[in-house]
Amino acid sequence: MGIPTVAVISMGGTISCAPGDDGRALVPRTDAADVISGDSVDGVEVRSVQWSLSDSSEITFNELIRLAREIRRQAADGADAVVVTQGTDSLEESAYALSLLRPLDRPVVCTGAMRAPTAPGSDAASNLRAAIATALHPELAQSSAGAVVVMNDEIHSAKWVQKHHTQRVDAFTSTDRGPLGVLYEGRPRFLRQDPPPSLPALLDRETGRHVRVALLTAVLDQDTALIEAVARSGYHGLVIEGMGGGHVSGVVARALGALARDIPVVYASRSRAGAVLERTYGSPGAELDLIDRGAVPAGELPALKARVLLTMLLRSGFSRREAEALLRREAHAGTR
């Protein structure tokens with residue numbers, strides 16, 4: 001039996017960074033696989049695939065669709081597992097999109113770095129080695145839990161992981177749940193299993209439709225100008241990050257209700273943990289009022305993930321009614 005092959009698809013970001021022409025500022029310049037120096041790691045053949053050299057802020061949904069198809073092609077070409085590296089700023093969003101697309105019948109592992117390969121205390125090589133080890137672990141291979149994120153010797157579900165710090169190497173966490181697993185001495189140990197996504201693999205339904213979903217945050221003393229701009233600008237949906245359990249002011253709720261007559265409106269929470277409320281408060285702008293006006297609760301999904309989910313559902317050709325029902329189902333799947 002030959003050694004296993006892992007395709008490492010590099011999408012730029014800090015893990016691919018080196019000093020630029022000025023010798024100071026960091027820019028993506030190399031394949032992520034270069035940080036582990038060689039084609040073999042602990043009996044693993046690493047197939048380096050340069051996808052792009054860009055910041056993760058440049059990633060689009062169309063690119064993620066193309067990436068998912070490349071992941072499927074790498075598997076068809078003999079890769080036993082696939083690792084995707086990218087910048088960490090949008091890692092939680094793109095990993096969740098890949099989890100919904102599910103290009104493979106086994107998880108895809110996503111990773112990055114908080115410190116560039118040339119920086120003191122860089123986590124680039126350790127994160128990539130951990131991602132490769134995780135991608136080949138038998139327990140993960142038997143799982144259909146979508147994509148996972150490996151950072152700082154922790155394994156996280158793409159659905160629940162969030163970036164909670166701008167600089168530290170422990171920037172990623174799964175609030176309320178904790179990681180799926182950890183790595184000890186380079187070996188994965190799984191602590192729990194998450195159920196697979198409740199949706200069919202959306203890559204097989206991808207229509208290529210251009211979908212725009214806006215994201216706004218509820219704030220103190222808010223007016224409705226931006227909400228009205230969403231209506232005028234041809235967006236296909238809106239996610240509103242409400243206060244606390246998902247609350248907004250009464251005047252904002254009325255504007256959201258008017259918008260919900262035309263496009264899906266989803267309410268999430270700007271808090272970093274906990275589910276939105278659905279049946280407690282009935283004052284203007286609280287959850288019962290929002291639901292009566294046609295807004296859809298995001299469950300425990302943070303607003304970033306709710307926006308990804310709604311976008312992918314609408315891109316997949318589901319009607320508004322179907323998309324809202326599927327969003328409710330996926331947002332509540334696997335919750336306690």
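## Packing of H1 against H2

Leu-64, Ile-65, Leu-67, Ala-68 and Ile-71 of helix H1 contact Ser-94, Ala-97, Leu-98 and Leu-101 of helix H2. Sorted by class, the residues of this contact comprise eight nonpolar, one polar and no charged. The structure is a predicted model.

Helix H1 covers residues 61-76 and helix H2 residues 91-101; their axes lie 10 Å apart and form an angle of about 55 degrees. H1 is therefore oblique to H2. The crossing of these two helices is right-handed.

## Helix H3

Helix H3 comprises 12 residues, 124-135. From the first C-alpha to the last, H3 reaches 16 Å, which is close to the 16 Å expected at 1.5 Å a residue.

The buried residues of H3 are Ala-124, Asn-127, Leu-128, Ala-130, Ala-131, Ile-132, Thr-134 and Ala-135.

## Packing of H8 against H9

Helix H8 (residues 303-315) and helix H9 (residues 320-332) have axes that come within 10 Å and cross at roughly 140 degrees. Angles over 145 degrees count as roughly antiparallel, and H8 and H9 are therefore oblique to each other. Their crossing is right-handed.

On the H8 side, the contact is made by Ala-306, Leu-309, Leu-310, Leu-313 and Leu-314. H9 contributes Ala-323, Leu-326, Leu-327 and Glu-330. The residues of this contact divide into eight nonpolar, no polar and one charged.

How values were computed:
Residues numbered from 1 in each chain as written. Predicted model: local features only at pLDDT ≥ 70, side-chain atom pairs only at ≥ 80, totals over all residues. Heavy atoms only, no water. Axes fitted to C-alpha atoms, helices over the stretch in contact; angles between N-to-C directions. Helix = DSSP H or I, 4+ residues; strand = E, 2+ residues; numbered from the N terminus. Parallel < 35°, antiparallel > 145°, perpendicular 65-115°, else oblique. Left-handed = near helix turned anticlockwise from the far one by under 90°. Contact = heavy atoms within 4.5 Å. Nonpolar A, V, L, I, M, F, W, Y, C, P; charged D, E, K, R; others polar. Expected span 1.5 Å × (residues − 1). Buried < 20%, exposed > 50% of the residue type's maximum accessible area, 1.4 Å probe, protein only.
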